[in-house]
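Hi,

Here is the structure I promised to pass on. Have a look at it first, and then read my notes below.

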Amino acid sequence: MSRVYNFSAGPAVLPEEVLKEAAAEMLDYNGTGMSVMEMSHRSKAYQEIIDTAEADLRELMDIPDNYKVLFLQGGASLQFAMIPMNLMKHGEADYIVTGQWAKKAYQEAQKYGKANKIASSEDKTFSYIPDVSDLPISENADYVYICENNTIYGTKYKELPDTKGKLLVSDVSSCFLSEPVDVTKYGVIYGGVQKNIGPAGVVIVIIREDLITDDVLEGTPTMLKYKTHADAGSLYNTPPAYGIYICGKVFKWLKRKGGLAAMKEYNEKKAKILYDFLDESRLFKGTVEKKDRSLMNVPFVTGDKELDAKFVKESQAAGFENLKGHRTVGGMRASIYNAMPIEGVEALVAFMKKFEEENL
């Protein structure tokens with residue numbers, strides 16, 4: 001069977017080169033006579049895998065020396081609790097709610113202190129990013145929290161909020177490594193890897209060293225302290241070893257592709273093909289304000305639920321997988337992460353044109 005075009009929002013498409021490499025090394029990694037899946041995380045071979053992965057990520061993102069890179073578990077959702085537990089020194093934080101994940105992070109933070117919703121786009125079903133140039137930042141806020149790319153709703157911050165000197169914390173799960181970033185603008189930048197980097201089970205946290213202390217919320221479990229993992233080089237307990245190994249391979253792949261500037265150019269080119277079609281289509285329409293469109297997640301609708309369902313069914317039969325929109329919004333969504341080839345987007349648009357002709 002040939003490979004399908006997989007538009008899943010996560011776990012998502014991985015580079016074919018990486019999958020083939022992993023397949024070739026499945027039974028014998030680098031002459032060790034065993035798979036990385038079977039390898040002790042305390043072994044020299046594994047230490048080299050995690051060290052190389054970190055070094056390559058640092059190079060790709062130009063991460064300064066005063067930031068730690070942590071490979072953790074629990075997904076981005078566990079960070080919704082870890083962040084206030086570790087960073088709410090004054091018991092207060094500001095949240096900008098632009099989608100379901102930012103909303104969940106905001107709700108979780110309320111368990112640990114005072115969480116203020118200082119801006120939201122919920123009034124228009126999260127179809128835009130609010131103006132963040134002059135926000136009512138709270139005087140006692142320990143940080144300002146955003147979800148930078150909203151997977152479900154297909155929006156993306158084009159400008160970071162003016163935090164008025166406060167720490168910025170950002171969830172970049174669905175735009176991780178899709179374009180260059182200035183890490184120094186963030187106190188913490190983190191994301192689950194299962195959308196744009198690797199298999200589910202790993203979350204990468206990039207955190208400024210001065211924020212890693214023992215001064216955490218009383219009762220914080222040992223495993224939920226950043227210091228625990230920073231001090232142990234992400235090997236305090238058994239890490240998601242195989243997942244980190246695949247992430248490392250994706251970092252190498254990204255370097256071969258020319259790094260994050262080259263990826264941004266490629267992603268813009270891919271997204272333009274789909275957005276240009278949506279803008280001129282007589283049947284399909286995008287659901288996001290143009291200025292806030294994501295390069296990674298493209299939601300669209302026909303305006304007729306039955307026709308949406310028909311499109312999802314027929315697209316699947318034609319080899320386009322996972323185009324059904326998130327259950328909370330319906331319609332369709334094409335996630336076109338780094339590993340989605342441009343041919344996949346071109347083929348999808350050709351299929352959409354054909355469907356439009358047959359159903360108007």
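Is K164 buried, partly exposed or exposed? With a relative accessibility of 43%, K164 counts as partly exposed. Before I go further, please keep in mind that this is a predicted model. K164 sits in the loop between β7 (155-156) and β8 (167-171), and its phi is near 55°, a positive value in a residue other than glycine.

N322 is another residue to look at for its backbone. Its phi is positive too, at about 65°, although N322 is not a glycine. You will find N322 in the loop between β13 (320-321) and β14, and it is partly exposed, with a relative accessible area of 41%.

While you are looking at the backbone, go to G10 and P11: the peptide bond that joins them is cis, with omega about -10°. P11 belongs to the loop between β1 (5-6) and α1.

Next, helix α7, which runs over residues 259-280. This helix has 22 residues and spans 32 Å from its first C-alpha to its last, close to the 32 Å expected at 1.5 Å a residue. Its buried residues include L260, M263, K270, L274 and F277. An α-helix has 3.6 residues a turn, so residues three or four places apart point the same way. The buried residues of α7 pack against several elements: the helices α2 (44-61), α6 (241-256) and α9 (342-359), and the strands β11 (285-286), β12 (297-301) and β14 (332-335).

Those strands bring us to a sheet. β11, β12 and β14 form an open sheet of three strands in the order β11-β12-β14, with antiparallel pairing. β11 and β14 stand at the edges with a single partner strand each, so one side of each has no neighbour in the sheet. Between β12 and β14 the antiparallel pairing runs over four bridges, and F300 stands opposite M332 in β14.

Two more places are worth a click. Q100 is in helix α4 (residues 100-109) and counts as buried, because its relative accessibility is 15% and the limit for buried is under 20%. Leaving aside residues up to four places away in sequence, Q100 touches F126, I152, Y153, H326 and T328.

M26 is in the loop between α1 (16-24) and α2, and at 30% relative accessibility it counts as partly exposed.

Happy browsing, and write back with any questions.

Best wishes

Technical notes
Residues numbered from 1 in each chain as written. Predicted model: local features only at pLDDT ≥ 70, side-chain atom pairs only at ≥ 80, totals over all residues. Heavy atoms only, no water. Helix = DSSP H or I, 4+ residues; strand = E, 2+ residues; numbered from the N terminus. Expected span 1.5 Å × (residues − 1). Buried < 20%, exposed > 50% of the residue type's maximum accessible area, 1.4 Å probe, protein only. Contact = heavy atoms within 4.5 Å. Pairing = 2+ DSSP bridges.
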